[in-house]
Amino acid sequence: MKTLRLTIFGILFFQLLLSQEISYQFENNIQYYEGIKKKLDNYTKERCVLDLYYPTQIKNFPTIIWIHGGGLVGGEKHIPQRLMNQGFAVVSVEYRLYPKAKKPKYIEDAAAAVSWVFKNIQRYGGDPDQIFVSGHSAGGYLTSMVSLDEKWLKVHNIDSDKIAGVIPFSGHTITHFTVRAEDNIPRKQPIVDEFAPLYHVRDNAPPFLLITGDRNLELPGRYEENLYFEMMMKNTGHKDIDLFELQGYGHNMTEAGYPLLVQYIKERTKKQE
């Protein structure tokens, strides 16, 4: 576990100095179930879409898939401004929400979106071997679930271990409270079952960077469950996982976390050059 103090402005300044003049293009509302032999209802057509923001003057660029938060009951896709103009593509994912969609529909949607990126990013100039998955809160939970429980991506013939890095922001590692609510389990009663990332810890999972807010400002237990997840992953023999605690920030710590995400992607992709 590592603690990050307020050095974010220094990181942002460093990124500004390194930024290049590269042109980017948007493609919006791409249906990621397209091509799958499945009849989609109107709600699925509305919610199961993604936006793609990618550089047009470089090839074999990395891609970060960003999954929004909102407790699995709200939220919309968006391209975080801090992730723009960094030399990589950003894919922003929307998914079906409770109560219109019940578990595991939102996990299936996240997996389908990740699968779409693996199968299509090369057409835009991206490197399918440099795909990272991240998201905040509920998005962090979905990020961990599709990366750890191999069955969700296997449906699409994608190996989850091909993900270059998993970076959940303040995500549940126990069973999500909305999933528990579906089964009438009290929000304050922690559960670790098949819908918990902790249930699927394994030594051969992709690299992980866990980021949470300050343990004294976060949602109750959120830092501690991530700390326990880190320990259990290491106990399985996983060698590439770290936890950052952003001191001074609460659950809504994305602006402080984005520079760490950018730095992580650049460091990881530089190693592959």
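N184 has a positive phi of about 60 degrees although it is not a glycine, and its place is in the loop between α6 (177–182) and β8 (208–213). Helices (H or I, at least four residues) and strands (E, at least two) are DSSP runs, numbered from the N terminus.

N29, likewise not a glycine, has a positive phi of about 55 degrees; N29 lies in strand β2 (residues 24–31) and, at 48% relative accessibility, counts as partly exposed.

## Basis of the model

This is a predicted model, in which local features need pLDDT of at least 70 and side-chain atom pairs count only at pLDDT 80 or more, while totals for chains, interfaces and linings use all residues. Residues are numbered from 1 along each chain as its sequence is written, and side-chain values use heavy atoms, with hydrogens and water left out.

## Cis peptide bonds

The peptide bond from Y98 to P99 is cis, with omega near 10 degrees, and another cis peptide bond joins K103 and P104, with omega about 5 degrees. P99 is placed in the loop between β5 (89–93) and α3, and P104 is also in the loop between β5 and α3.

## Nonpolar cores

A nonpolar core is a set of buried Ala, Val, Leu, Ile, Met, Phe, Trp, Tyr and Cys residues joined through side-chain atoms within 4.5 Å. The largest has 55 residues, of which Y32, I65, Y95, I107, L142 and F208 touch the most other members; its largest share, 10 residues, comes from helix α3 (residues 105–120). A second, separate core of 25 residues includes W66, L83, F132 and Y258.

Key
Buried < 20%, exposed > 50% of the residue type's maximum accessible area, 1.4 Å probe, protein only.
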